[in-house]
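Hi,

Here is the structure I said I'd send over.

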Amino acid sequence: MKKVNYFLAALLGLSIQFASAQVKKGSVLIKNATVLTVTEGTLENSDVLVQDGIIKKVGHNLNAPNGVTTIDATGKYLMPGIIDAHSHLGLDVVNEATSPIVAEVRMKDVVNPYEVGIYRALAGGVTISHAMHGSANVIGGQNATLKHRWGSTDPADIIMQEAPRTIKFALGENPTRVHGRGNGIQPRTRMGVEAILRNGFNEAIQYKKAWTEYNAASSQKGSTAMAPVHNERLQILSDILDGKIIIHCHSYRADEIYMLINVARDFGITKLVFQHTNEGFKVAPEIAEYTMGASVFADWWAYKFEVYYSTAYNAAILTENGAITSINSDDAELIRHLYHEAAKTQRYGGMTDEQALSMITINPAKQLGIADKVGSIEEGKQGDLVIFEGHPLSSYAVPQMTFVDGVKYFDIKEDADDQRMKVSPTEMVEPVMVYGGHDSRCMQDTEHLFETTESLFLLNQ
Amino acid sequence: MKKPLLYAGVFCIMVSGLFSYTSAQAQSDPTGKKPITDTYAITNATVFTSPGQAGVKATVLIKDGLIQGVGSNLTLPKETKTIAGDSLFIYPGFIAGASDVGITRPKDPDRPDDFVSSNPPDEIAGITPWRSAVDQFSIKDSKVDDLRKVGFTVAQITPDGGMIAGKTAIILLGSENSTNLLKENTALAANFRGSRGMYPGTAVGVMAKFREVYDNTKLTSERSQKYSTVAGLKRPEITPTYSAMQEVTSGQIPVMFTTSSELEIRRAINLQKEKGFKLVLTGLEEYEGVLDVIKASGAAVLVKLEIPDDKAIKAMKDDASEEVKALNARVKKAYDDAIAQASKLEEAGIPFAFSTVGVKSGDIMKALQKMIENSLSEEAALAALTTNPASILGLSKVAGSIEKGKMANLILSTDSLFAEDSQIKHVVVDGIIFDYETKPKKKASTGGNSDGSVKIDGNWEYTSESPAGSGTGVLAIQKDGTSYTGTITYDDPSGSGKATAPISNVVLDGSSLSFSFTVTANGMEILVNVTGEVSEGSYDATMSVGEFGSFPFNGTLTPTLIANK
């Protein structure tokens with residue numbers, strides 16, 4: 001038994017480290033609210049009791065146990081914490097753009113709990129965001145699901161440790177621009193993207209086989225088997241094939257979406273979510289049948305060639321076809337009013353209140369694999385809640401208080417002018433990075449890769 | 001890669017006599033530099049033998065590079081050269097836990113024809129664990145004397161390079177005729193810097209690559225082990241990277257991670273927990289929030305010997321709006337907290353030393369004084385410069401305090417070491433005495449060079465940055481009795497070419513220089529105030545332009561052709 005596979009040891013080491021993180025859990029009783037449970041209808045004049053971070057009771061005339069604060073929410077709306085399935089908040093690095101596959105990189109390594117955008121997201125009722133690797137690579141890094149526990153200084157405390165692993169994929173213009181045009185390597189075209197995926201998975205199969213054979217052989221007495229070279233990248237791809245990781249794939253065009261569905265089917269992958277998915281409406285039945293759905297913008301497009309064929313009815317069409325659909329931000333500003341983005345599906349597509357709210361709560365929760373823990377107001381789920389003045393889908397909605405695990409992290413009445421946790425001792429005004437256009441953070445850290453391309457353009461002008 | 005010459009004294013602490021100044025010279029010395037004796041006594045000085053010890057009047061006897069005795073009734077051999085130490089204070093020589101002194105970054109190797117940016121060779125990607133700081137070090141570099149001048153006698157030199165730059169070494173800041181090597185391969189220098197335009201390009205890629213290199217080093221060791229005992233096996237692939245990393249994975253030497261911020265400190269400690277290597281954290285600039293994490297990790301700590309610049313603090317104005325004042329207050333608090341951090345380390349009971357990587361030697365004493373002003377005890381400051389680094393570097397038996405049998409590494413100062421006017425007169429390294437000029441004490445005055453204040457008269461070429469773009473011009477300062485006058489040229493805002501204006505309110509206080517001038521643009525008169533620090537012919541200042549804000553202003557004193565006597 002001495003020959004313990006040391007990947008396992010590393011994994012165990014990691015989980016011990018995660019388990020040791022101390023996360024604040026709170027208790028609160030919110031009374032007389034209009035409770036939008038999302039999964040169990042709307043409950044008028046109802047109370048929700050959260051104890052030690054978990055929703056204990058939803059009902060009428062609940063009494064606060066000893067020491068539990070009561071909040072009167074008469075005339076106000078209570079909804080589950082909003083979940084953003086596509087964000088880059090709280091990350092020091094977004095893109096390791098230097099190779100078409102960088103599955104081995106972990107966004108959990110570079111989580112930055114000091115980013116004030118996390119507080120601003122809370123002010124917009126967002127309690128969970130999916131901190132993703134950028135879209136410069138066909139297979140990007142592993143993402144982190146964050147709980148917005150603002151004020152924590154240990155990155156491990158804002159990582160939702162119980163969330164399953166997810167990974168970023170990207171199709172189309174971004175990876176072909178960075179690697180093909182920027183660096184002169186595969187992929188230069190959409191065909192190349194598919195080749196990278198298939199070759200990568202086939203190598204992962206070989207890799208897993210080599211290790212399985214080695215582990216089997218080395219457990220024999222007097223074995224002379226030599227361990228294969230360790231390759232974390234292929235190990236992660238192998239984990240994807242084993243269904244241990246959910247793919248979240250940046251995509252726009254129907255043909256590339258359909259391509260990835262076919263690749264996934266060929267390799268037996270079912271845990272797949274499409275991101276952006278602007279042409280998802282063209283392949284909505286296929287997305288519904290073979291994947292965990294699509295996470296889309298309400299009405300954002302035309303920021304590059306592959307995103308021209310778009311419609312604000314996308315979310316509604318996907319939903320009506322039975323695809324799990326969420327509305328995301330991919331943006332530190334948009335994340336502050338996702339409830340308004342969700343409401344757009346009512347103007348464009350006539351979604352019901354429940355359908356529209358699902359797109360920013362239970363549906364993204366399903367796509368992140370955390371729907372058993374968050375995404376709706378149900379007894380036993382985590383106490384992530386938002387109190388709104390006005391119905392959240394109304395143009396006049398204003399979030400009042402936001403709770404994560406029963407702890408209040410935002411209160412509009414206690415919202416000081418300067419909420420930064422950390423201030424530089426040497427800068428009067430912190431440098432402000434102004435990025436132009438969309439994909440700003442999706443393509444952060446890749447600017448230098450375009451120098452060659454840009455100089456070529458200049459030459460050809 | 002390695003100089004065979006160095007093998008002579010490697011892997012163990014050398015008998016210092018072997019490499020000492022006199023032995024290195026032949027009997028006949030055509031240079032005439034050979035000292036007539038290597039036996040010295042500094043008599044009747046105030047000696048501080050180690051941190052926390054009160055100064056006592058004593059004589060220190062040095063022979064063969066070693067301290068032969070400390071006391072009042074020493075018998076001095078005939079060949080002893082005595083230095084009257086009556087007015088001098090003697091301290092143990094400083095030890096830099098990490099330093100880039102005398103280090104020149106090696107040239108990047110050429111990219112091969114089949115270079116692929118997604119999978120570059122280790123050497124090009126900054127993964128060079130086989131490199132040694134010794135190969136990048138020159139004792140003749142002028143920076144060696146700059147650092148010795150402020151009291152440093154021993155330093156752990158770190159190689160310059162990428163994410164895994166190479167092995168550190170411990171050297172003496174001693175004779176130009178010695179290798180000065182105390183220990184080679186003392187730690188592996190690593191950082192989170194990515195390689196430009198290739199894998200790994202960012203901190204997140206560096207962490208993944210570090211894990212991969214580490215894990216495959218272990219696997220390679222296992223394979224090599226098997227290969228050497230069992231016949232009929234495939235030859236394991238051994239690379240310079242894996243060979244050089246084995247000292248780390250086997251726990252022989254620590255990884256010295258450059259971690260300037262709290263988040264970087266946590267990242268290095270996470271890697272340590274995951275992989276189990278020994279860890280030294282170096283170059284710490286911001287760490288107050290993670291003291292408990294550092295303590296729990298057991299990592300050794302090397303704080304960057306620097307305090308944050310106070311430009312932002314100095315640029316604050318009393319007539320600011322309430323909102324700006326509130327923001328200013330936060331910056332001020334952040335600054336005050338930052339300079340008091342070292343004292344928090346002391347409070348937390350974490351023994352630390354210093355890194356001088358990226359630090360200007362001339363600013364070191366000021367930084368130490370600032371830390372002491374902000375609650376770091378003098379004892380802890382001295383420990384961080386002597387006994388703590390000796391212990392972290394495994395030198396406690398030979399350096400760090402003034403005791404019989406230890407290396408003769410001493411500082412001889414004119415006053416209590418950290419006192420504001422204290423100056424270092426001699427530094428003894430390995431028994432060799434280096435003399436430094438001391439200046440008469442500074443008098444408060446507004447001008448003049450003879451009293452020790454800086455020279456500002458002459459022509460300064462300056463550059464300035466503002467939202468309107470970069471500007472250049474000449475600032476001419478003349479001395480007029482005890483005060484200064486002059487003119488400044490600047491890019492004419494209402495046309496092309498240069499405009500000239502007289503400067504006024506020229507005030508020189510110590511090394512800080514300020515003046516004002518008026519710019520006329522479109523019939524509007526704008527007052528420009530410039531204030532900053534003069535240091536060795538360079539002027540690092542901020543200019544505030546009316547109500548438009550504050551911007552950088554940097555000048556260089558043009559050398560005069562005729563010596564200004």
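A word on domains before anything else: the bounds I use come from an automatic or database domain assignment. On that basis chain B splits into domain 1 (96-399) and domain 2 (458-557). The C-alpha centres of these two domains of chain B are 39 Å apart. Do keep in mind that this is a predicted model.

Now the interface. On the chain B side 46 residues make contact with 40 residues of chain A. Helix 5 (203-229), helix 7 (262-275), helix 9 (311-314) and helix 10 (322-339) of chain B each give two or more residues to that side. Helix 5 of chain B supplies the largest share, 13 residues. By residue type, the side of chain B that touches chain A has 22 nonpolar, nine polar and 15 charged residues.

Over on chain A, an unreviewed UniProt entry lists residues 314-404 as "domain: Amidohydrolase-related". In the model that span of chain A is 32% helix and 16% strand, and its end C-alpha atoms lie 31 Å apart.

Setting aside neighbours within four places in sequence, Leu74(B) is in contact with Thr59(B), Leu61(B) and Gly69(B). Its C-alpha atom is also 9.2 Å from that of Ala58(B), 16 residues away along the chain.

Cheers

Key
Residues are numbered from 1 along each chain as its sequence is written. Chains are lettered from A and ligands numbered from 1 in the order in which they are written. This is a predicted model: local features need pLDDT of at least 70, side-chain atom pairs count only at pLDDT 80 or more; totals for chains, interfaces and linings use all residues. Two residues are in contact if their C-beta atoms, placed from the backbone, lie within 7 Å. Helices (H or I, at least four residues) and strands (E, at least two) are DSSP runs, numbered from the N terminus. Ala, Val, Leu, Ile, Met, Phe, Trp, Tyr, Cys and Pro count as nonpolar, Asp, Glu, Lys and Arg as charged, and the others, Gly among them, as polar. UniProt positions are given in the numbering used here, feature names are shortened, and annotations may be inferred rather than shown by experiment.
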